[in-house]
There are 6 protein chains.
Amino acid sequence: MAEIKDLLNNVVLRPDGRAADELRPVRITRNFTDAPEGSVLIECGSTRVMCTATFTTGVPRWRKDSGLGWVTAEYAMLPRATAERTDRESVRGKIGGRTHEISRLIGRCLRGVVDMKALGENQIQLDCDVLQADGGTRTASITGAYVALVDALRWAERNRKIKRADKVLKDCVSAVSVGVINGTPMLDLPYIEDSQAMTDMNVAMTGSGQFIEIQGTAEHRPFSRDELNQLLDLAEKGNKELQAAQRAALAE
Amino acid sequence: MAEIKDLLNNVVLRPDGRAADELRPVRITRNFTDAPEGSVLIECGSTRVMCTATFTTGVPRWRKDSGLGWVTAEYAMLPRATAERTDRESVRGKIGGRTHEISRLIGRCLRGVVDMKALGENQIQLDCDVLQADGGTRTASITGAYVALVDALRWAERNRKIKRADKVLKDCVSAVSVGVINGTPMLDLPYIEDSQAMTDMNVAMTGSGQFIEIQGTAEHRPFSRDELNQLLDLAEKGNKELQAAQRAALAE
Amino acid sequence: MAEIKDLLNNVVLRPDGRAADELRPVRITRNFTDAPEGSVLIECGSTRVMCTATFTTGVPRWRKDSGLGWVTAEYAMLPRATAERTDRESVRGKIGGRTHEISRLIGRCLRGVVDMKALGENQIQLDCDVLQADGGTRTASITGAYVALVDALRWAERNRKIKRADKVLKDCVSAVSVGVINGTPMLDLPYIEDSQAMTDMNVAMTGSGQFIEIQGTAEHRPFSRDELNQLLDLAEKGNKELQAAQRAALAE
Amino acid sequence: MAEIKDLLNNVVLRPDGRAADELRPVRITRNFTDAPEGSVLIECGSTRVMCTATFTTGVPRWRKDSGLGWVTAEYAMLPRATAERTDRESVRGKIGGRTHEISRLIGRCLRGVVDMKALGENQIQLDCDVLQADGGTRTASITGAYVALVDALRWAERNRKIKRADKVLKDCVSAVSVGVINGTPMLDLPYIEDSQAMTDMNVAMTGSGQFIEIQGTAEHRPFSRDELNQLLDLAEKGNKELQAAQRAALAE
Amino acid sequence: MAEIKDLLNNVVLRPDGRAADELRPVRITRNFTDAPEGSVLIECGSTRVMCTATFTTGVPRWRKDSGLGWVTAEYAMLPRATAERTDRESVRGKIGGRTHEISRLIGRCLRGVVDMKALGENQIQLDCDVLQADGGTRTASITGAYVALVDALRWAERNRKIKRADKVLKDCVSAVSVGVINGTPMLDLPYIEDSQAMTDMNVAMTGSGQFIEIQGTAEHRPFSRDELNQLLDLAEKGNKELQAAQRAALAE
Amino acid sequence: MAEIKDLLNNVVLRPDGRAADELRPVRITRNFTDAPEGSVLIECGSTRVMCTATFTTGVPRWRKDSGLGWVTAEYAMLPRATAERTDRESVRGKIGGRTHEISRLIGRCLRGVVDMKALGENQIQLDCDVLQADGGTRTASITGAYVALVDALRWAERNRKIKRADKVLKDCVSAVSVGVINGTPMLDLPYIEDSQAMTDMNVAMTGSGQFIEIQGTAEHRPFSRDELNQLLDLAEKGNKELQAAQRAALAE
C-alpha cells in the first residue's frame, strides 16, 4: 500500500492538485439551522449538503408495538446545485430513480449503526438536501447525516425521549467514493473526475473498519479483483479521515 | 404618520423588542453558491432563503418568435425549514396550493420590473428555497430573488447574452409583510406574530414607490380602509429600507 | 368621487357601452340544481358560475374536537368555458397553480364571514364550476358561493344540524374586479378588458364595507397610491350593488 | 310486443308513475353556452348533462397525414351532481375507472356515425359534464353529444372548415338505458330504479335502427335470451323517441 | 343455424384455417405458480394469460359488517405481450382507459356467479396478466379467472376460511369474443381478425346458458338485430365448449 | 478456498439441502413468447423471471446523432409473485424505490457488456417481469436478460439492423447473490435465507471474471474484509456456472 501511495503521489496529476489518496478538504458545521433536532452542513470540496435529523416519538404503523425504532432518509438536489438547472421532482410529480436509489442507500447506512431496540419506538428522519454538487453527494450525505443523527440523539437524551444516546449508536459511519481514472485508483472524486471514471465505487464503513455498504459500478469498463482491492484500501484510508472529522466536529 | 410611529414605538412590545415599524435585521449574501448565474442567501431575522437565478438562452415554446423574454419563479421549503417536519412535495407527488400560490406571486413581482423586449428571447428562472422559515418567506424570496436576478443579468451582459443589464431592469422590487396584531399595525412579522395576525398583507413595491403586488387577507377579522392605509404606510417604509439593503449588497 | 364618475361616464367608451363605474348585469338563480344543500347559478354579464354548497356533519381530522366548523372551496373551469378548449385537470393528473390560487382565495373569503364556533363541528364545501368565462370568474364565484352558503345554513337549521343560521354568519361577502385600462380605473372587467388591463385588482368586502381580501397585481405597469385609492372606491361601489343583488335573491 | 306493453302499463307502478315502456320527459337546449362550436343542455327527467363540441383543425399526431378526422369524448360529473358529494378527479390526481369507461363509450358511439374521410383532418372533442345525475347520465350524454356534434359540423361548414356537414354524418345516434326490475323489463331507469335493477343495459342505436353499442351487465342476476329480446325492443322504442327529440331540436 | 354453419365452413377461409364457428385450441394449466391460492395459465391460441386468485380474510372498509364478501379484478399487459412494446402503466404513472374498462368487466363477470353471502366477509382478488396477446385477452381472462377462483375457494375450504366452496359458486362463467368480418359472423377472433372486424362483441355466459355481460361495439359499421342474433348463437356455442374445458381442467 | 468449501459442505444444513457453495437448479428457456426479439424464461430454483428484449431502430432524443446505441431495463413483480399480494405500482400511480433501484442495476449491468458504437443508433429495452419470487430476482433478471439481449442482437443481425451481433457484445454477464447466514457465507440465497442474512451481496461478473457491479449491504451487521473476500469467491464460482448455463441455452 505504501508503495502504491508513493507512486501515485509522484505520477498522477489531479485537476485540483491532490494526491490520488487524498481527500478534499472536509468541513462539518453543526447547528446550521435552528429548527431541526440535528442540523449539519457538510462541505467536501465544493460539494455542500445540508443534513437535518428529525426526531419523532412513535414509529410508522407497520412497526408499531415492536419495541423497535426506525431510521429513514430522503435525499434531494436543489435545482441549481448543478451546472445545468435540474427540474424539481415535485414539479415533475414523481421522484426519479437516482433519488430513490440514493435515499435508500443513506437510510440503510445509518440504520447499520443504530441499535433499534435502544432507540425504542421513536423515529429519526434524515433529510439530505444538496445545495451544491461537485461529486460525492451521496457519500457526503451519509457522513453528514451521521453527525446530525448524533445531535438528534443527544437532543432526545436531554429531552428525556431516550435514555442514553451513546447506547443507541453501535458505531459511527462515514462514506467516500473511489474510482479508477485512466487506470489509476483514486480517492474522493469531484464531478470532473467522476464523469471520466471507468469504475466508480461508494464505500460506507464503520469506525471499527467494517463495511456497511459497497456499491461498485463498472458500466464503462469492468474491474478486476486487484483493482477492487486497491479501491477498498483507498476507501478505508478516506473513511478513517472522515471519521476523524466527524469526531472533531462532535467534540466542539 | 409621524405621530402614529411615535405612539407605536412607545407602547407596543414585540417579542423580539422591535418597534412596530422596524424591520428585522436583513443580510444579503451574494455568490452564495458557485454554479448559478445569480445565487443569493437572504436572511430576514431567522428566515433564510436561498435564491438562485438561472439564465437560459431561448424561451418556452408558447413565447417563441415573440422577441420577448420570460421570467418565472419556483418556491419551495426544505422539510425542516419549520418546527415540525413537512413532507416533501416530490414524495407526495404533487405541489400544494400554498407553494403554487407563492411561486406565482414571486414570478409576477419580478416580471413587473423586467423589460421583456430588452431581455430578448432569453429566460430567467428564479428558485427560492427556504432553508429556515420564521415568517415572511415569500417576501424575503422576492427581495432576494431581485438581487439574484441582477447578478444573472450582469453575468449575461459579461457573457454577451444580452447587451445591457441595466436596460432590462425598469426598476428594483422588494416586498415586505405587514399585519394588524391586537389592533396594532406592524411591519415585518415573524412566525409568532404572523400566526396571531388578524389581518396580514404582503406588499411588493418598486424603487419609485409604486405597487406591484398587494395581497391582503383578513380571514380572521376584516379590516377597514383606515387600517389599510396604515399598513401601506408601514410597507412603504419597510420596502425603502429593503431596497437600500439591496443596493448596498449589489454595490459590493 | 362624484366628479370622477361624471368624467368617466362622459369620456370612456367600454366595449359593452357601460360607464366606467358600472357593473355588468347580475343574475342570481337559487336552487339551480336539486341535490346540493345550496345551489346557485350566478351570471355576471356572460360569466356564468354554478356554485354549490355541501353541508356535512363533522370536520376534517386536523380540526376534530376543536368545537369549530370548517369552510373550504374548490374552483374549476369546464373545458369549454373559454374560447379555446382547456384540457381537464383530471386528465392532466394535476391541478394547476391558477386553480389552486383561486380555490384558496374563495375559501378564505367565505371563512372570513363565518363564525366557526357557531357553525360547530360541521363542514361546508363550496364548489364553484365555471360554465362560461368572460372575466371575473373568481369574484363571481365568491359572490355566488355566499348565497349558496346561506342556503346551506338555512337547510342545516331546518334539518336541526345547527341552531341558527343567522348566528353563523358574521356578515355577508361579495367580490368584484377593478382595473386600470389605458390609464382609466374601471369596475368589473370582462375578458376583453381584463386582458388589456395594466393593473388588475380583486376586492372582497363585507356588508359593513370592510375588506376581506385585496389582491392587486401590476405585472404590466406598477400602480400608484392614488390609483389604488380610485380602484378601491370603484370596488366599494360595485360590492355594495352586488350585496344588494345577494339580498334580493335571498329574499325571494 | 303490443301485448307486453299493455300488460306493463296496467300492472307496474313506477315511482314517477310512468309506464314501463315510457321515456322520462326529454328537453334539448341548443346554444346553452356561447363559446363552443356546439353547446347543448340535455335533460332526461332530473338528469342534466351539458354537452359541448369543440371543432379543431388538425388531428392528433398518430393520425396525421391519414386524410381522416377524429372524434373523441370526455365525461365527468360535477361534485354535487349526486346526493353525496363526490371528490373531484382532478383533486385525487387520477381518473377513475367508471369515468374512463363512459368517456370511451361516448367516443365510440359518436365515431360510429361519422365518416372520418368526409370530416378530413379535423378533430371534434365532445365534453359531457353532468350537472345533475339521476340515472342514465351516459346515455343522455350520447344523445346530447350528437346534437352538439351536428351544431359543430354546421359551424364548420359555415366557416368553411369542411365542405358539407351532412356528408360527414352517416346517420344519427342516440342511447337509452333499459333494465329488469323485479322481473319486469323497463325503459329509461332513473337512479332509484337503476340501483334496484338486476340487469342493466345501455343501448346506442342509429336512426336506421341498427346497433352501435350494446352493453348489458347482470352482476346481480344473469338474464336469458328472452329477457334480452324484450330489453332490446324497449330500447328500440326509446331510441326512436329520442331521435325524434333530436330532430325537433335541430329543426329549431 | 345449422345451415349457416355449413355455409361458413365451406366458404370462409380464416387465416388459421378454422371454421367460422370454431374456437382456437384452449389449454388451461392449474397451479401455474406456487404462491397464489389459485394460479392458472390459460392459452387460447397464441393468447396467454396468467390468472391468479388471492383469497384474503376481511373485506374493504366500505363493505365491513355487511356479512358479504367481495370479488375484484385487475387486468394488465406485460410490455411485450404485443408486437410493438407498450409502455408500462406504472412508468406512465396512470392506468389507461382500456385497462380500467377491462378490469371492471372481469370483476363484474366473476361477481355474477359468486354468492357474496356464502363467501362471507372474505375478499378474492383476481389478477389477469397477459403474457402474450393475440386477441381475446379479456375473454380469456374471464374464462381463466373463473378456474383460479374455484381453486382459491377450494383452498379456502381446505383451510377452513369458508364452509363449502360449492355453495359460494352459483354457476360457472366463461367468455368469448365474436365478430362480423367481411359480413360473416365468426367465433373467437385472433388479433388479425379482430383488427378487421366491423363489429366486435364479448359475451360472458353462465353454465346455465344465461348472459352475464354482453358488450357489442360497432364503431366501424352498425349491426342489425339479425346479425346480433347470429353472433349470440356463436357465442353460446363457444362458451359451452370453454365451460367444458374449465370442467375438464378442474377435474384433474 | 477448497478447505472452506469442504467445511461448509460438511457442516451447514440449508433448508433445501444444498451445499453452501451450490447454486439452485437453473433453467433457461428461450423463445418463451413469440412477439419479442428476445424472450427468455429464467428459473433459479422457484424464482421465475420472464425477460424480454425489444430492439428498436433509433435512440432516445438525448442520444441522437451520437452514433451510439442505448440499452435500458425495467423490472417489475406481478402482484402474486410473492406470498402476500403486492399492490400494482400502476394502481398506486408511482414506482417504488426498490423497483427503480433494481431497474437501474439491470440496465447498468447489461450496458457494461455492450459496445454502444457497434450497436449504432439502436435501442434495446429489457423487460424483466417476475412471475414467481423466491429470492435473487434481480440477479436472475440480469442473467436472463443477457440471453434475451443476445437473441435480440441475433434477430437484428438476421434482419440487417446491425452488421454483426458478436461485435456488439464485449463479453457475457451474469449475476448471483451471496450472503452471510449465521456467520456462514453462502451462495444463491432463496427468500427464506435472504430474510435471515446479516449481510447480502449481489455480484455481476463478466465471462472474463471481472466485476461489473458489486452491491453489498450490511444493514443488520457490518462485514469484514475477510468475509467480503469469501463472498466474492462464492460469487465467482456461481457466476461461472451461470455463464455455462447461458452458453448452453444459447447453443441450442
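Here's a walk through the chain contacts and helix packing in this predicted model.

Let's start with chains F and A. Rotate by 180°, with 0.0 Å of shift along the axis, and chain F lands on chain A with an RMSD of 0.0 Å. That is how a two-fold axis relates two copies. If you want to find the axis on screen, look for F:Gln215: among the residues of chain F, its C-alpha comes closest to the rotation axis, at 2.3 Å.

Now for the contact itself. Chain F puts in 33 residues, and chain A puts in 33 residues. Of the interface residues of chain F, 100% are interface residues in chain A too, so the two copies meet through the same surface. For chain F and chain A, that comes to about 3000 Å² between them, with 45% of it on carbon and sulfur atoms. Three residues stand out on the chain F side: F:Phe211, F:Glu219 and F:Arg225 supply 23% of the area chain F buries against chain A, more than any other three residues.

Not every pair of chains meets, though. Chains A and D don't touch, and their nearest C-alpha atoms are 10 Å apart. Chains B and E have no contact either, with their closest C-alpha atoms 10 Å apart.

Next, hop over to chains B and C and look at helix 8 (residues 225–251) in each. These two helices pack at an angle of about 155°, and their axes are 13 Å apart. Anything over 145 degrees counts as roughly antiparallel, so that's the label for helix 8 of chain B and helix 8 of chain C. Their crossing is right-handed. On the chain B side, the contact uses B:Arg225, B:Leu228, B:Asn229, B:Leu232, B:Asp233 and B:Glu236, while helix 8 of chain C brings C:Arg225, C:Leu228, C:Asn229, C:Leu232, C:Asp233 and C:Glu236.

Finally, let's look inside one chain. In chain E, helix 5 (residues 137–158) packs on helix 8 (residues 225–251) at about 30°, with the axes 10 Å apart. Helix 5 and helix 8 of chain E are therefore roughly parallel, and the crossing is right-handed. From helix 5 of chain E come E:Thr143, E:Tyr146, E:Val147, E:Val150, E:Asp151 and E:Arg154, meeting E:Leu242, E:Gln246 and E:Leu250 of helix 8. By class, this contact between helix 5 and helix 8 of chain E has five nonpolar, two polar and two charged residues.

Conventions: Residues numbered from 1 in each chain as written. Chains lettered and ligands numbered in written order. Predicted model: local features only at pLDDT ≥ 70, side-chain atom pairs only at ≥ 80, totals over all residues. Heavy atoms only, no water. Axes fitted to C-alpha atoms, helices over the stretch in contact; angles between N-to-C directions. Helix = DSSP H or I, 4+ residues; strand = E, 2+ residues; numbered from the N terminus. Parallel < 35°, antiparallel > 145°, perpendicular 65-115°, else oblique. Left-handed = near helix turned anticlockwise from the far one by under 90°. Contact = heavy atoms within 4.5 Å. Nonpolar A, V, L, I, M, F, W, Y, C, P; charged D, E, K, R; others polar. Least-squares fit on C-alpha atoms with pLDDT ≥ 70 in both. Buried area = accessible area lost by both parts, 1.4 Å probe.
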